[in-house]
Amino acid sequence: MDKNTITVTSPLLPDRAEFELLLKEIWNSKWITNNGSFHQKLEKALAEYLKVPFISLFTNGTLPLLTALQALRITGEVITTPYSFVATTHSIWWNGCRPVFVDIEGETCGIDPDKIEAAITPKTTAIMPVSCYGKPCKMDEIQAIADKYGLKVIHDAAHAFGVEVNGESWAGKGDMASLSFHATKVYNTLEGGALVVKDEATKKRIDFLKNFGFAGETEVVAPGINSKMDEVRAAYGLVNLKHVDEAIEKRHQVAVKYREALRPVPGIRFFDDMPGVRHNYSYFPIFINAEEYGMTRDELYFKLREHGVLGRRYFYPLISTFSTYRSLPSAGAENLPVATRVANEVICLPMHHELSEADLTRILELIVR
Ligand code: T4K
């Protein structure tokens, strides 16, 4: 890739000297996976950082979703959003359940609680909302509906690392919440992820499930899978955690500059901070009204690309339009008008801790007209 290319994100890398010291410890101990000491330390450090009671590490952010559905014994139909990364819906499918798509609202790009009840059938057992871009979805309303109908809530919080609402961790919301520590996320462990759970017994069950179902040397208590994080990634994660607040602050400064420059531009909408929320600025989506802006979303997207600015159209196309899912009864565009419109308007602008003033000037000169 040309060195002048500006990518949508850039991974937060840990201090190498510090990481190498931990690597030496791993080499000396010869303990490289299966709940080693760095794995245990990272679980403890993350539970403290995220202010959550219990957390179980995974190899990525897809397997915790899959495992949460297993652990909660979800069957039948699961209500979810089409406006997400495809892993959200795949996790439902891999559990032999049917995804039921419900439209989103424009305020957070999360599932619209006002449209959930109409999608509930006798087969519905769970709701899987997503806090898209790290914006807190309308969880109070979603949880109230779940409680009324006896449904479980599996919260895909892949984007919401470190997000807090009125001092409360957003990763604690839902019966279980899943996080992604992929390279493209605010906090990464190369690949990685986690499941946040509410009590020790549930954590124990999750820990069995991610280790083939083993409960001790000779006892298998469930049809588990292998999704354990290894020691190298756990050590990397421990060092990276020290720098994540600084990275979030740098992202915040980028958001402030984008907003300042884009606010006067007709036809471009973006999110402002929400009151009481500690945001993580994981993405900076803008939404283009072609008529007012004088250019379509795709015209702007390809113009940016031509000039080496690689924004991304997260989340276009909608999951419901992929060939695997488009024949589902809930997948039609007429059922999903807001998601369909938003997917056609969005560009996520480059957003990371290393963007320079010169990068921002280059990006904004291409957009502001
Ligand atoms: N739920 C939600 C709501 C999610 O968004 C995701 C993942 C998941 C669940 C599942 O979590 P994981 O199983 O992935 O942990 C990316 C990521 O692969 C994916 O993690 C993420 N969501 C999704 C939204 O985006 P791509 O295909 O867009 O990534 P890629 O490889 O095109 O990278 C984008 C840019 O990032 C590159 O142009 C440059 C930069 N980059 C990327 C990588 C991988 C780097 O600088 N270094 C790197 O190593 O999917």
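Which polar side-chain atom lies 2.5 Å from an oxygen atom of the ligand? I found that it belongs to Tyr-314, and I counted the pair as a polar contact, that is, two N or O atoms within 3.5 Å. The ligand taken alone exposes 930 Å², of which the protein buries 75% (accessible areas by the Shrake-Rupley method with a 1.4 Å probe).

I keep in mind that this is a predicted model, in which local features need pLDDT of at least 70 and side-chain atom pairs pLDDT 80 or more, while totals for chains, interfaces and linings use all residues. Residues are numbered from 1 along each chain as its sequence is written, and side-chain values use heavy atoms, without hydrogens and water.

Around the ligand I noted 25 residues (a heavy atom within 4 Å), with Thr-62, Asp-156, His-159, Arg-312 and Tyr-314 coming nearest. By class, the shell holds 10 nonpolar, 12 polar and three charged residues, where Ala, Val, Leu, Ile, Met, Phe, Trp, Tyr, Cys and Pro count as nonpolar, Asp, Glu, Lys and Arg as charged, and the others, Gly among them, as polar. Domain 1 (16-241) and domain 2 (244-367) each supply at least three residues of this shell, the bounds coming from an automatic or database domain assignment.

How values were computed:
A polar contact is a pair of N or O atoms within 3.5 Å; within protein, one must be able to donate a hydrogen and the other to accept it, and residues adjacent in sequence count only if both atoms are side-chain atoms.
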